[in-house]
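Here is a short briefing for someone opening this structure for the first time. Please look over the sequence and the 3D view before reading on.

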Amino acid sequence: MSTPEAVASQFLETDLNAKAKRNEKLFQILFGMMAGLLILPVLIILTTLVVKGSPVISLDFLLQDPTNGMTEGGIFPALIGTVWLVGVALLISVPVGVAAAIYLSEYAPDNWFTRAINLAIINLAGVPSIVHALFGVGAFVIFFGFGTSILAASATLAVMTMPVVIVATRESLQAVPPAFREACWNMGATRWQTIRRVVLPNSISGILTGVILEVSRTSGETAPVMFTGAAFFIPVLPESVFDQTMALSLHLFVVSTQVPNVPEALPYGVALVLISLVLLMNSVSIALRMYLRGKKKW
Amino acid sequence: MTDSTRQPAGNMPDINQRNLDWYIDKGVQYFVFLSGISAIVLIIGIFVFVTIEGFGFLLEDFSFSEFFLSQWWEPTDEDEPTYGILALMAGTASVTGLAMLIAIPFSLGSAIYVAEFATGKTRETLKVLIELLAAIPSVVWGFIGLSIMNPLIIDVFDVPVGLNILNAGVILGLMAAPIMTSICEDALKAVPDRYREAAEAMGATRWQVIYKTVLPAAKNGLLGGVLLGVGRGFGETMAVLMATGHAINIPGSIFDSVRALTATIAAELGETAVGSPHYQALFTIGIFLFTITFIINLTADLIVRGIRKS
């Protein structure tokens, strides 16, 4: 005979249960705080950058040459130089990167050789940036005879950031359902016709997010361009890919460590422009990706 | 075979005919294959070109014991230049070590929170924020170490110099954590939902599910993510150059200034003559850095792949 109380007590919380639930809450709060602590200091730092840097920023700051031993004036040549470096780097890395992704997604068999390619891509992204710089000096500046030039610096940047394009493109190509391809093959189309008419149109926006992400990565890199094509100070704008140039990232390094008597606010301004550029590009890429995910038809 | 069977029926093209499309298709196939193997070519190219530039030093001035066991890095000494990277290795190791002490627990915690606890809008916001943090360029981090952390450390700990292991370690930790969080979160997400559902059906709480089921299943992926983070920290250049103080030193405490392997190359390469022993010695450090990161990446890949097979 069991009384109603005895039956009910079977469903009541035991001590063990209560402890487990307490643990759950405890760890949820602990890990939540860890995530917060990871983000909070960076937000504080970024706010400091904005507060200290924004007084310097003006149209003149963006559009004037540095003057008086780089202690006054603007950052115009560095800004234009970064545009050159990133543009030429994209011209090199995007065609090769997209083609490599097409190979990996559409052609490559699942064997040791493909695994070796994937491993090489991971390694390319993981090699220290200064080793990429050494490679740029040895290969592009000296061996191929580009000299210290935009071409050498951009080629170095292209090698370094190509994994970004490859990985993003491969992902968006693989997101196209296999049935799309099979339907096209059944119409008698060749592989390339299928890729060009069906696979690429359905993944082009995903590829674009990868390219924008690469712009963001490339514009912030410093070490690879230091010895291959970017110079501390050049008063004239580059006219061809064989000229040297200033770069925004290197300019920040120079004004904050190499130049004496820089007013305190100036490097903050440079840092703010650089980080705004990078984060803006990144946000555009993320926003585009989210928009596409919401719009997906299949 | 009669003529009528050779003739295509109606307007159907001959299936055995190699038309322009066929040749374009072949051409594209070769082009994308060449691009596909470019990654392998480049990795080998990096090793070859860096080795070529450093080769003269390896043949002539290189002595294994001096290079790895001497703490004197004095390549510009006129009488007797010495090339010992022991102090530089100690610098890199101490900064990377401190950075990992900070980054590993925090990124594991954040990854578990984002992947397992957070839901809906919170989750999306956290993911976007972490991705943006990972995008901050290293030269900006270096500048932050120089201009914000430096006075802060001097004030708080009452030490004469704020550019030291603590500064660079914290900066590097904050840099590596978002990357590690993303990779670890991917590893947790890769655990099939049916594992969680099975555990929940047994009456397990969220934490019990994570601790007993998800973490063991994601173990290799997490380890791989941590290793990749170590590799990134080890190879970081600009932030370490600007925040360590750049003084050759075997550190005794976290308030000592040190100098890292990567930073030495970045600081000195511009001042050396092409082909001089000093220049070649810097490339030899490059070979060393390349080899270590290659081993780290390879190990991470093998660990992650190990779980996929089983």
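This is a predicted model: local features need pLDDT of at least 70, side-chain atom pairs count only at pLDDT 80 or more; totals for chains, interfaces and linings use all residues.

Chains A and B meet through 71 residues of chain A and 72 residues of chain B. Chain B is made up of 12 helices and 2 strands. Its radius of gyration is 27 Å, while a compact globule of 310 residues would have one near 19 Å.

**The side of chain A that touches chain B**

- In total, 71 residues of chain A are in contact with 72 residues of chain B.
- Several helices of chain A each supply at least two residues to this side, among them helix 2 (15-53), helix 4 (76-107), helix 6 (129-143) and helix 12 (265-295).
- Helix 2 of chain A gives the largest share, with 18 residues.
- By class, this side of chain A has 49 nonpolar, 18 polar and 4 charged residues.

**Helix 6 of chain A against helix 2 of chain B**

- Helix 6 of chain A packs on helix 2 (residues 20-59) of chain B at an angle of about 75 degrees.
- The axes of these two helices are 9 Å apart.
- Angles of 65 to 115 degrees count as roughly perpendicular, so helix 6 of chain A is roughly perpendicular to helix 2 of chain B.
- From helix 6 of chain A, the contact uses A:Val131, A:Leu134, A:Phe135, A:Gly138, A:Ala139 and A:Phe143.
- From helix 2 of chain B, it uses B:Gly45, B:Ile46, B:Phe49, B:Val50, B:Ile52 and B:Glu53.
- The residues of this contact divide into 9 nonpolar, 2 polar and 1 charged.

**Helix 2 of chain A against helix 9 of chain B**

- The axes of helix 2 of chain A and helix 9 (residues 206-235) of chain B come within 7 Å.
- These axes cross at roughly 80 degrees, so the two helices are roughly perpendicular to each other.
- A:Ala20, A:Asn23, A:Glu24 and A:Phe27 of helix 2 of chain A meet B:Arg206, B:Trp207 and B:Gln208 of helix 9 of chain B.
- This contact has 3 nonpolar, 2 polar and 2 charged residues.

**Chain B as a whole**

- From the N terminus, the elements of chain B run α-α-α-β-β-α-α-α-α-α-α-α-α-α.
- The C-alpha atoms of chain B fill a box of roughly 95 × 65 × 35 Å along the principal axes.
- Of the 310 residues in chain B, 47% are buried.
- Take the contacts in chain B between residues at least 6 apart in sequence: 71% of them join residues at least 24 apart.

**Two domains in chain B**

- Chain B is divided into domain 1 (20-60) and domain 2 (86-309).
- The C-alpha centres of the two domains lie 30 Å apart.
- Between them, 9 residues of domain 1 are in contact with 8 residues of domain 2.
- The side of domain 1 that touches domain 2 has 5 nonpolar, 3 polar and 1 charged residues.

**A loop residue in chain A**

- A:Gly147 sits in the loop between helix 6 and helix 7 (150-174) of chain A.
- A:Gly147 counts as partly exposed because it has 15 C-beta neighbours inside 10 Å.
- Leaving out residues up to four places away in sequence, A:Gly147 touches A:Val141, A:Ala152 and A:Phe242.
- A:Gly147 and A:Phe232 are 85 residues apart along the chain, and their C-alpha atoms are separated by 16 Å.

Methods:
Residues are numbered from 1 along each chain as its sequence is written. Chains are lettered from A and ligands numbered from 1 in the order in which they are written. Two residues are in contact if their C-beta atoms, placed from the backbone, lie within 7 Å. Helices (H or I, at least four residues) and strands (E, at least two) are DSSP runs, numbered from the N terminus. Ala, Val, Leu, Ile, Met, Phe, Trp, Tyr, Cys and Pro count as nonpolar, Asp, Glu, Lys and Arg as charged, and the others, Gly among them, as polar. Axes are lines fitted to C-alpha atoms, for helices over the stretch in contact, and angles run from 0 to 180 degrees between N-to-C directions. Angles under 35 degrees count as roughly parallel, over 145 as roughly antiparallel, 65 to 115 as roughly perpendicular and the rest as oblique. Domain bounds come from an automatic or database domain assignment. The radius of gyration is taken over C-alpha atoms; the globule rule is 2.2 Å times the number of residues to the power 0.38. A residue is buried if 20 or more other C-beta atoms lie within 10 Å of its own, exposed if 12 or fewer, and partly exposed in between; C-beta atoms are placed from the backbone.
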